[in-house]
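Please look over the chain shown below with this briefing beside it.

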Amino acid sequence: MGNVLGFLYGQCCQPAADSDSLRPHGVSATNAGISALAHDLYHYEITSQVPEGLGKHVVSAKKAQGNWYKKLSVAWRESKPPPKTPEEASRLIILTLKRHHKADVEGLLAFYGLPLPHTLVELSSELPTSLPPGLKFELQTLPVDAKAVADGDTVTVYVSTMDPRESSMVPRDVHVAAVERSKARAERNYPKADALHQKIIDSGYRVLNIQNEEILSHKYRIRLRGIDAPESAMPYGKEAKEELTKIVQGKSLRILVFDEDQYHRLVGDIYCNGKFVQESMLKKGLAWHYKAYDQRSELEKWEREARAKRVGLWASSNPEMPWEWRKNRREGR
């Protein structure tokens, strides 16, 4: 076939060693269904066989299933670029099979662990064209590490000290430690270099290696303005953290900072690739609009849309609010 299906089959579709992480047809869940779908489309073009186990998820017979895979193979090859995210793969299936039974389409999506139609969201908010009222300053971050996401509404970011705003604020002892650390590493005196780096870290900075370049950077903890995600120990706390991680991992962010909270976190709006992160979290039902601290009507609207669709935490008829959960824990209830 010689196209992206064959490439994905060869590069991405190796079976996982941990059987608990396998999807029904034996492909690693970490591939989010995309490489699994590519594998099966590639396999169908060679053998005209649909994957084993699909019949447990759909209502139509194998002949109809083969027709789906034939259509999807053509659609995948003609898509430019091919799907790269679970949402894109879902939309390709939904559009290609729009005249087929709803139960079959949703069963096929479930088979690959792809988002169902009612959970897909369209993000409307772009970067603001004018400075919002109350804005204190902006941050342009370095790419975010997955481990920097604490939960569904808090993330740690780093900003290069070469940034004009940052360069004037770096303490002299941090500058000196960074220079001495570089010399120690050149001399292969790694214990001294590590000690100097710890001194830098203790001051709220860090030397990051970005594409083989060492960059002195300033650490900030960011609290997403206007939303409150479930705590880690709450239902959907894990899903909220995973969703925020998926959005920001490896990306450079633009953060509009409006305040600082009692935990010394900067409170701000986060934009990733031009899209408003809080909008995505609310529309996917993985956060509440935090009305006590933010009265923006669009946030209320996005929460209301997720409630109506019963997506995410709204699948529960009466989900506990995180601020009430925290209050109950403080009071021992």
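**Whole chain and annotated region**

Of the 333 residues in the protein chain, 45% are buried, where buried means under 20% relative accessible area, exposed means over 50%, and partly exposed lies in between (1.4 Å probe, protein chains only). The model is predicted, so local features need pLDDT of at least 70 and side-chain atom pairs count only at pLDDT 80 or more, whereas totals for chains, interfaces and linings use all residues. Residues are numbered from 1 along each chain as its sequence is written, and side-chain values use heavy atoms, with hydrogens and water left out.

- The protein chain holds 12 helices and 10 strands; these are DSSP runs numbered from the N terminus, with helices being H or I of at least four residues and strands being E of at least two.
- Taken along the principal axes, the box that the C-alpha atoms of the protein chain fill is roughly 70 × 50 × 45 Å.
- Among the contacts in the protein chain with a separation of 6 or more, 66% are between residues 24 or more positions apart, a contact being heavy atoms within 4.5 Å.
- The protein chain has an accessible surface of about 18,300 Å², and 51% of that surface belongs to carbon and sulfur atoms; accessible areas come from the Shrake-Rupley method with a 1.4 Å probe, and for residues only the protein chains shown count as cover.
- There are 49 positive and 43 negative side chains in the protein chain, and the centres of the two sets lie 3 Å apart. In this count Lys and Arg are positive and Asp and Glu negative, while His and the chain ends are not counted; the place of a charge is NZ of Lys, CZ of Arg, CG of Asp or CD of Glu.
- The UniProt record, an unreviewed entry, places the feature "domain: TNase-like" at residues 140–316; such positions are given in the numbering used here, feature names are shortened, and annotations may be inferred rather than shown by experiment.
- Over residues 140–316 the chain is 36% helix and 28% strand, with the end C-alpha atoms 37 Å apart.

- Strand β5 (residues 213–224) pairs with β8 in the parallel sense over 3 bridges, and I222 stands opposite L266 of β8; two strands pair if DSSP finds at least two bridges between them.
- Strand β7 (residues 253–260) runs antiparallel to β8 and is joined to β8 by 7 bridges, with L253 having C272 as its bridge partner.
- β7 and β8 form a hairpin with 5 residues between them, and H264 in the turn has a positive phi of about 65°.
- β8 also pairs with strand β9 (residues 275–276), in the antiparallel sense and over 2 bridges, where K275 is the bridge partner of C272.

**Backbone features in loops**

- N273 lies in the loop between β8 and β9, a hairpin with 2 residues between the strands. Although N273 is not a glycine, its phi is positive at about 50°, and with 63% relative accessibility N273 counts as exposed.
- R188, in the loop between α7 (172–186) and α8 (190–202), is another residue other than glycine with a positive phi, near 60°; R188 is exposed, with a relative accessible area of 66%.
- K80 and P81 are joined by a cis peptide bond with omega of about -5°, and P81 is placed in the loop between α3 and α4 (86–96).

- G66 is found in helix α3 (residues 62–78) and counts as buried because its relative accessibility is 9%.
- Leaving aside residues up to four places away in sequence, G66 touches Y44 and V50.
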